[in-house]
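I opened this notebook to record what I looked up, entry by entry. Each entry takes up one topic.

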Amino acid sequence: MTNAQPERSFIRLDKWLWTARFYKTRAIAKDMINGGKVHYNGQRTKSSKNAEVGAKIRLRQGHDDREIIVLQLSGHRQSASVAQTLYEETPESISKRIINAEARRLNILNNPAPDHKPDKKQRRQIMRFKEYSAPKE
């Protein structure tokens, strides 16, 4: 049995992001778009924007920023291997993701834990600092 329906020439951006498996649900995709986490051709957009072939989309997914180019439109969510044929990630985006993943692995991006606990004098200084910087009621 083959899918005889022709693909439409337009599709909502939130539905395309869901179809391409960037977000688990359309509601999450819509929230990310409306929250400004998705940029379509360099500008903030609405979830009802029609996705077009050749459009450049920058989106936030977890800790990573991705920049992709739309290659195909599809309104049906299919397997991950089929979903990956709908877009192409830019080489700059791939290299940034690799660098950020390595930095997270080495704990460079986050504040690293101190080498030792504060001693008694340092604890007193911390307590004094907190006491003076606390808002007065």
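**Entry 1. Ground rules.** I noted that this is a predicted model, in which local features need pLDDT of at least 70, side-chain atom pairs count only at pLDDT 80 or more, and totals for chains, interfaces and linings use all residues. Residues are numbered from 1 along each chain as its sequence is written, and side-chain values use heavy atoms, with hydrogens and water left out.

**Entry 2. Aromatic pairs.** I looked up the ring pairs and found two. Rings of Phe, Tyr and Trp (its six-membered ring) pair if their centres lie within 6.5 Å; planes under 30 degrees apart are stacked, over 60 edge-to-face, and the rest tilted. Trp-16 and Phe-22 make a tilted pair, with 6.3 Å from centre to centre and 35° between the planes. For Phe-22 and Tyr-87, I read 4.7 Å between ring centres and 50° between planes, so this pair is tilted. Phe-22 sits in the loop between α1 (13-19) and α2 (26-34), while Tyr-87 belongs to strand β7 (residues 87-89), so that 65 residues separate the partners and the pair links distant parts of the chain. Helices (H or I, at least four residues) and strands (E, at least two) are DSSP runs, numbered from the N terminus. Through these ring pairs, Trp-16, Phe-22 and Tyr-87 are linked into a cluster.

Entry 3. Trp-16 is buried. Phe-22 is buried, with a relative accessible area of 5%, and Tyr-87 counts as buried at 14%.

**Entry 4. Contacts of Phe-22.** I listed contacts (heavy atoms within 4.5 Å). Not counting residues up to four places away in sequence, Phe-22 touches Trp-16, Leu-17, Leu-59, Gln-61, Arg-66, Ile-68 and Tyr-87.

**Entry 5. The core.** A nonpolar core is a set of buried Ala, Val, Leu, Ile, Met, Phe, Trp, Tyr and Cys residues joined through side-chain atoms within 4.5 Å. The largest one has 20 residues, and Trp-16 and Phe-22 are among those with the most contacts inside it. At least two residues each come from α1, α2, β2 (38-40), β5 (56-61) and β6 (64-70). The largest share, three residues, is from α1.

**Entry 6. The largest pocket.** A pocket, on a 1 Å grid over the protein atoms alone, is an open set of points where a 1.4 Å probe fits, with protein on both sides within 12 Å along at least five of seven lines; lining residues have an atom within 4 Å of a point. The lining of the largest pocket has 13 residues, and Arg-58, Asp-65, Arg-66, Ser-93 and Lys-96 lie nearest the centre. The largest share of this lining, five residues, comes from α4.

**Entry 7. Ile-11.** Ile-11 lies in strand β1 (residues 11-12) and counts as buried at 3% relative accessibility. Leaving out residues up to four places away, Ile-11 touches several others, including Trp-16, Asn-50 and Leu-73.

**Entry 8. Asp-64.** I found Asp-64 in strand β6, where Asp-64 counts as buried at 15% relative accessibility. Beyond its neighbours within four places in sequence, Asp-64 is in contact with Leu-59, Arg-97, Asn-100 and Arg-104.

Note on methods
Buried means under 20% relative accessible area, exposed over 50%, partly exposed in between (1.4 Å probe, protein chains only).
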